[in-house]
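I opened the model to look up a few contacts, then the cores, then the chain interface. My notes follow in that order.

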Amino acid sequence: MILSKHSFLSRLKANRHGTDGIVSAFLSVLAGLSALLLFLVVLFLVRESWPVFSRGGWHMFLSGQDWYPLEGKFGLVPMVFASLAMMTGSVILAVPFGLAGAIFVRFYAPPVLARAYKIVMALLAGIPSVVFGLWGLTILVPMIAHIQPPGSSLLAAILILALMILPTVALTSLAALDAIPRNILDGAQALAMSRKGQILFVAIPAARAGIIGGILLAMARALGETMAVLMVAGNVVQNPDSLFAPVRALTANIALEMAYATDLHRASLFASGLFLTGVVFLLSWLAFQASERARYRSL
Amino acid sequence: MKIKLFLLITGFLTVFSVSSAIAEGSKLVLTGSSTVAPLALEIAKRFEKGNPGIRVDVQTGGSSRGINDARKGLADIGMVSRALKPEESDLTPYTVAMDGIGIIVHKSNPVQKLSDEQIISIYTGAVENWKEVGGTDSPITVVNKAEGRSTLELFLHHFSLKNSDIKADVVIGDNQQGIKTVSGNPGSIGYVSIGTAEYEERHGTPIRLLPMEGVPATVDNVRDGKFPLSRQLNLVVKGTPSPLANAFIDFAQSKDVHDLIEAQFFVPLESE
């Protein structure tokens, strides 16, 4: 690692006035700009949510379960719980399916089937969230309403989100399994381990970091998803005490009310956006850490 | 190239000749109702485009602020989302559009009408089954609007409710989502802008608009002010409006802004 970095730098120096130098300068400006943009977004969020910190303070979000901004009630807690419940539920559903799919494709599937599976996953990943939402609202929600009205519920949100993050889990797990060095698997085979043993005790542990990274990314996506959740979750501000209860996610709250919010109401929506951004940053950082570890392990 | 330059110059000339009708650099201030403000903002953008050099400043703060500011001269024009009261006769109202919302249920729902009391009972959770209001034995799904929407405000005001009184099963954002929610759930009741609901009902979406106090929920009845769940959207001024304010009001009442009014799900005063 260190060696390669060194040689890269020395090549840069040798070529400072050549094409490499120009390209490198150009690329670093572009990279710097995107980093700056991210910084500005966060700065903007802080500035817009500032009235909350200077006037109301965090405690107004934590006091009480009621969210009626026009009546001065700003209880965000039920929505935080709802967002976390949706994320947890969808990950619990999507991980076994995604992982099983990846293992099947890597170790069992005939090439034709494996290709087909990869194409289906890529397509699934490309469907816009509003389409998932529309499908959920017109098909899934009425089906759940047959079991227990109103149908728009935590369950509907979990099912839709699971479908949306399934490709993330499946494709990152597959990439992690594909990246296992050949010699490790050959070694397992040489020890006369069974197929099951090779997968459970060699392949999955070796790919663990990459798989966990994928799951964390999927969690971030589930948490940040807005449109589909807004359409199927029911959006009633209350604690998620049942799978059939309509709940409102933090993202849906911002999308529902931002266009019409003023003053402290608006600032509190920005503050919840700031909070969400923080959690997604944390998840992405953890995912990055996990994939870094995976890289060192395979070297 | 020459043609482009020519166009540019003539463009500038037309622009300047139009704006010279009203003093250059003038500013028009509108304050008041948050229901009228988004519409006024759109109208103002188009007005500014047609009259360069003019700036129209739109601020919200509720209908009472609109009344106050117009009275005290703090604003050139006040925005008020209701008819003026007798004690406000010192102001002159110019109605720009009508706002009307209709109660919708699923098409298969046998309930043909609901009284105001029944609607209040349903929305506050006192009545939770359709059989209590003359329907089948099935639970009611109450669909409410998200905080800040003008439809919610009109609904609450008409029935004298607070948003925290309402026991909602589903909270929705825009009208389309409300129509999709009600058409997908036979036991639900909701309210949306009449224009949208009438269009959807006519095009086969399985919803039905309920009459209010015996008046059918139609765009025409909203326009005429006959429908109970409707209100005027007014621009108000004290005394004689300035030439600039006058030009803006004329523009806001003209056919040129009907598309803007309909885009906000309000009803223009003259039919097309």
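Entry 1: I started with B:Asn234, whose side chain reaches the backbone oxygen of B:Arg82 at 2.9 Å. The model is predicted, so local features need pLDDT of at least 70, side-chain atom pairs count only at pLDDT 80 or more, and totals for chains, interfaces and linings use all residues. Residues are numbered from 1 along each chain as its sequence is written, chains are lettered from A and ligands numbered from 1 in the order written, and side-chain values use heavy atoms, with hydrogens and water left out.

I then found a polar contact from the side chain of B:Asn234 to the side chain of B:Thr95, at 2.7 Å. Polar contact here means a pair of N or O atoms within 3.5 Å; within protein, one must be able to donate a hydrogen and the other to accept it, and residues adjacent in sequence count only if both atoms are side-chain atoms.

Is B:Asn234 buried or exposed? It is buried, with a relative accessible area of 0%. The cut-offs are under 20% for buried, over 50% for exposed and partly exposed in between (1.4 Å probe, protein chains only). I placed B:Asn234 in strand 9 (residues 230-238) of chain B. Strands are DSSP runs of E, at least two residues, and helices are runs of H or I, at least four, numbered from the N terminus.

I listed its contacts (heavy atoms within 4.5 Å). Leaving aside neighbours within four places in sequence, B:Asn234 touches residues including B:Gly78, B:Val80, B:Leu84 and B:Pro93.

**Entry 2: cores.** I looked up the largest nonpolar core and got 128 residues. Such a core is a set of buried Ala, Val, Leu, Ile, Met, Phe, Trp, Tyr and Cys residues joined through side-chain atoms within 4.5 Å. B:Ile122 and B:Phe155 have the most contacts inside it. Helix 7 (residues 154-178) of chain A gives the largest share, 16 residues. A second, separate core has 29 residues, among them B:Met79 and B:Leu235.

**Entry 3: interface.** I counted 25 residues from chain A and 22 from chain B in the contact. The two chains bury about 1,800 Å² between them, 59% of it on carbon and sulfur atoms. That area is the accessible area (1.4 Å probe) lost on putting the two parts together, summed over both.

How many residue pairs are in polar contact across the interface of chain A and chain B? The rule finds six, both residues at pLDDT 80 or more. Helix 6 of chain A gives five residues, the largest share of the side of chain A that touches chain B.
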